[in-house]
Every structure is written in structure tokens, then in C-alpha cells.
Amino acid sequence: QVRLVESGGGLVQPGGSLRLSCSASATIFSFYAMGWYRQAPGKQREWVATITSDRTTTYADSVKGRFTISRDNAKNTVYLQMNSLKPEDTAVYYCNHNPPNWGWGQGTQVTVSS
């Protein structure tokens, strides 16, 4: 069972930035494609970004150009740098394997509001 722990969320004004982190207990972490997902109140969880084992990245259209996913395999950690945040980015953010077939962590709350 892989344990995922997300951190780095908080309250930020529109236009601000946050950097999320996710540590994973998976062995051979570097072999896995990792993704960030989010769930806004009253909505289904949606995919945000993916980074593959060879560090190829893809993004949802809604965050493209504003968010950057990266990974540090030595630390078993994946990051999400979020810039130019908008109120519609407000959600609980989760990381998981891509596809998301590991158990979910507790997530980290991101609130964008003035």
C-alpha cells in the first residue's frame, strides 16, 4: 500500500502563487508516472497534470501556462508550482499515480480568494 502525503496548500489572493508537495512511500518511485488531481466543492475530482518517469509533462487546459509539475526521485516527491492563481483553482489537491490506482491521501486545501 503506497502512502501519499500532500502539503503546501493555503489561502492566497488571486494572482498569487503556491507550491504543493507530495511525498510517496512507493518503492522504485522513479518508475511511476505521477499526477496531480483536484476536487472543488460540489464537483468531481479532476486531473490537473502528469509527469512521466522520463519527466514528460502534460497539463489540463485550465492550468496550462500557469502550473508546473516536477519531481525529485531522490526524495520520492512530486511538486506542483502554481502561479497566477484564480478563484476557480480553489479545491483540495491530491497526488496519485497516473492513472490514479493508488489509495488517496488526505489532500491539501488551496483557497484562492481576496
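Salt bridges and sheet edges in a predicted model

Q: In this predicted model, what makes the contact between D89 and R66 a salt bridge?
A: The closest N and O atoms of D89 and R66 are 2.7 Å apart. A salt bridge needs a side-chain nitrogen of Lys or Arg within 4 Å of a carboxyl oxygen of Asp or Glu, so the pair qualifies. The pair links distant parts of the chain, with D89 in the loop between β8 and β9 and R66 in the loop between β6 and β7, 23 residues apart.

Q: Why is D89 called buried?
A: The relative accessibility of D89 is 1%, and buried means under 20%, so D89 is buried. R66, at 10%, counts as buried by that cut-off.

Q: What makes R38 and D89 a salt bridge?
A: Their side chains meet at 3.0 Å, N to O, and the limit is 4 Å. R38 lies in strand β4, 51 residues apart from D89.

Q: Why is R38 called buried, and what is E46 called?
A: R38 has 6% relative accessibility, which is under 20%, so R38 is buried. E46 has 36%, which falls between 20% and 50%, so E46 is partly exposed. The two side chains meet in a salt bridge at 2.6 Å, N to O.

Q: What joins R38, E46, R66 and D89 into one network?
A: Salt bridges that share partners join them.

Q: Why do β2 and β6 stand at the edges of the sheet?
A: The open sheet has six strands in the order β2-β10-β9-β4-β5-β6. β2 and β6 each have a single partner strand, so one side of each is left without a neighbour in the sheet.

Q: How do you know that β5 and β6 pair?
A: They share three bridges in the antiparallel sense, and pairing needs at least two, so the two strands pair.

Methods
Residues numbered from 1 in each chain as written. Predicted model: local features only at pLDDT ≥ 70, side-chain atom pairs only at ≥ 80, totals over all residues. Heavy atoms only, no water. Helix = DSSP H or I, 4+ residues; strand = E, 2+ residues; numbered from the N terminus. Buried < 20%, exposed > 50% of the residue type's maximum accessible area, 1.4 Å probe, protein only.
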